[in-house]
Amino acid sequence: MKVPMTKRKKSEYRKSGKKSHHPEKKYSRQHQGRANRTDGKSKGKLKANDVRQRSQKTVTAEVTCSGLTDGGKGIVQWEGKQLEVANLLPGETAEVNISKKGRFFDIELERVIKSSEVRVNLPRSSYYKGVGCHIQHMNEHAQKRFKQKIIDELMKPFGKPEPIITMEFPFYYRNKNVMTFGLNKKRQIISGLYAENTHKIIPMERSIIHDQKADEIIQTIKGMMKSFKMQPYREDTGQGFLRHVLVRVGKVSGEIMVVLVVASPMFKGKNNFVKALRKAHPEITTLLMNVNKRNDSMILGNQEKVLFGKGTITDTLCGLKFDISAKSFYQINPVQTEKLYAKAIEMAELTGKETVVDAYCGIGTIGLIASQEAGKVIGVELNKDAVRDAIHNSKRNGVKNARFYQGDAGEFMVKMAARGEKADVVIMDPPRSGSDEAFLSSVVKLQPKRVVYVSCNPVTQARDLKYLVKNGYAVEGIQPVDMFPQTVHVEAVTKLVLKMPN
Ligand code: SAH
């Protein structure tokens, strides 16, 4: 249930005492947020004993935040229950609106009464409810402590992680923006992000982590739609045309790819639309149309058509040039990626002779960088487009000692082990779900001297490390890198060494 916000005088908004080098300077308001309770067990009725009853089901209460969840929400106690409030920090006292929604509580932060010194107050425009930047209201030191605590706790069984490598200017770093299009209740075109776990679009024009040019291009497209009679797609009726716009920016090359994700290949007025968009943004280097007729949460469909340009963008990473297609995975924070990869290569301890497996290799970035210091590199990746990019990138950079294969990394490794092949080093960088037993058991069979495990999800990484440690490997180093400032995500690279080869 959504609780209507009450209008307040400006003086009611407090300012944070501390200075920050946040790029959004002209802010004065606390932002509001909402959160769900976690335990979901109590069926007791709400009592309006704290402050006042707002409506039949909504009460306003004063609460104090005692800690943070790993999702960055403030933990508060209310009527014997532990609840989570978005955008609330430890030590803060706040007025919240609580309403019951089935077995859950919906909590909206109405007003921070006592503000934490680590709070960064943001303008409303850059704040989007519960989507994306969950901890943008924390200053950099608090964000660092928050992430370090998460990784330290998860990695406790394996050793003490190094201090997290932070980003010097932790804003506007994303090289990929995806915005979803729709209509609001007044039938106006909106663009934004899906609210967490739903397909409800939260309108959003910009964010402190997005590439600013990419945000600008998306707003231009939104502004053009009416005059080109382009309707946004509506999931409920299946009508309309434009579903999403994806913009990829080569942060070094300056090249920009725009992908119009549409529901049907019938693009009325295509030539004029393309012409107008190029005129407004001559900096766009390639434009694609991707047809997505699916009903799931995948952004891109299979059908793709290049409307102008080469259909890919090029970027430079660790001194090598990479061509990237629309559908391939490419790390979204290139500044931090260079630091992450440098650590991964250091942990691999390459001397020029080793056979290195680059598992879950994407467009071949880690493998190609490693190939300069290795005997040979074998890359494996599930996504066809990414493998094609990896092979192309290998040629583009004149790399002669790397081969890339398409397939499931687990199956590939099982076959490698069955054929009795050898690997000296395995570098693995699986998706958020982590690796699987097929892969890990084959690693144990292949017995590489070192495993370098790059992960964007320390929970699944800890699970997989447990397996490797149980089966003959020892963790020798854990290096967290902040790849996603302002968000709750934590990335880490871990070095494992074989204790006793058979
Ligand atoms: N190492 C790359 C990509 C890491 S992201 C980089 O740093 O850019 C994880 C990659 O794993 C994605 O490219 C994804 O397509 C791929 N992937 C997901 N499941 C896979 C599987 N079962 N087998 C192989 N690759 C997989």
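Analyst: A nonpolar core is a set of buried Ala, Val, Leu, Ile, Met, Phe, Trp, Tyr and Cys residues joined through side-chain atoms within 4.5 Å. Keep that in mind, and also that we're looking at a predicted model.

User: OK, so which residues touch the most other members of the largest nonpolar core?

Analyst: Val259 and Ile427, out of 53 residues in that core. Helix H4 (residues 334-348) supplies the largest share, six residues. Domain 2 (155-167 + 333-498) and domain 3 (176-317) each put in at least three residues.

User: What makes up the surroundings of valine 259, leaving out residues up to four places away in sequence?

Analyst: His244, Val245, Leu246, Leu288, Asn290, Leu300 and Ala326. Each counts as a contact because it has heavy atoms within 4.5 Å of the valine.

User: Why is serine 297 called exposed?

Analyst: Its relative accessible area is 56% and the cut-off for exposed is over 50%, so serine 297 qualifies. Serine 297 sits in the loop between strand S13 (286-291) and strand S14 (303-308). Its C-alpha is 9.7 Å from that of threonine 198, 99 residues away along the chain.

User: Which residues of helix H8 (residues 437-446) are buried?

Analyst: Phe439, Leu440, Ser442, Val443, Val444 and Leu446. They get the label because buried means under 20% relative accessible area. Their cover includes strand S17 (355-359), helix H7 (409-418), strand S20 (425-428), strand S21 (450-455), helix H9 (458-470) and strand S22 (473-481). Just past the end of H8, glutamine 447 has a positive phi of about 50°.

User: Now the ligand: how many residues surround it, and which are the closest?

Analyst: There are 16, and the closest are Gln331, Tyr341, Glu381, Asp408 and Ala409.

User: How much of the ligand does the protein bury?

Analyst: 87% of the 570 Å² that the ligand exposes when taken alone.

Note on methods: Residues numbered from 1 in each chain as written. Predicted model: local features only at pLDDT ≥ 70, side-chain atom pairs only at ≥ 80, totals over all residues. Heavy atoms only, no water. Buried < 20%, exposed > 50% of the residue type's maximum accessible area, 1.4 Å probe, protein only. Helix = DSSP H or I, 4+ residues; strand = E, 2+ residues; numbered from the N terminus. Domains from an automatic or database assignment. Near = heavy atom within 4 Å. Areas by Shrake-Rupley, 256 points an atom, 1.4 Å probe, with all protein chains shown as cover.
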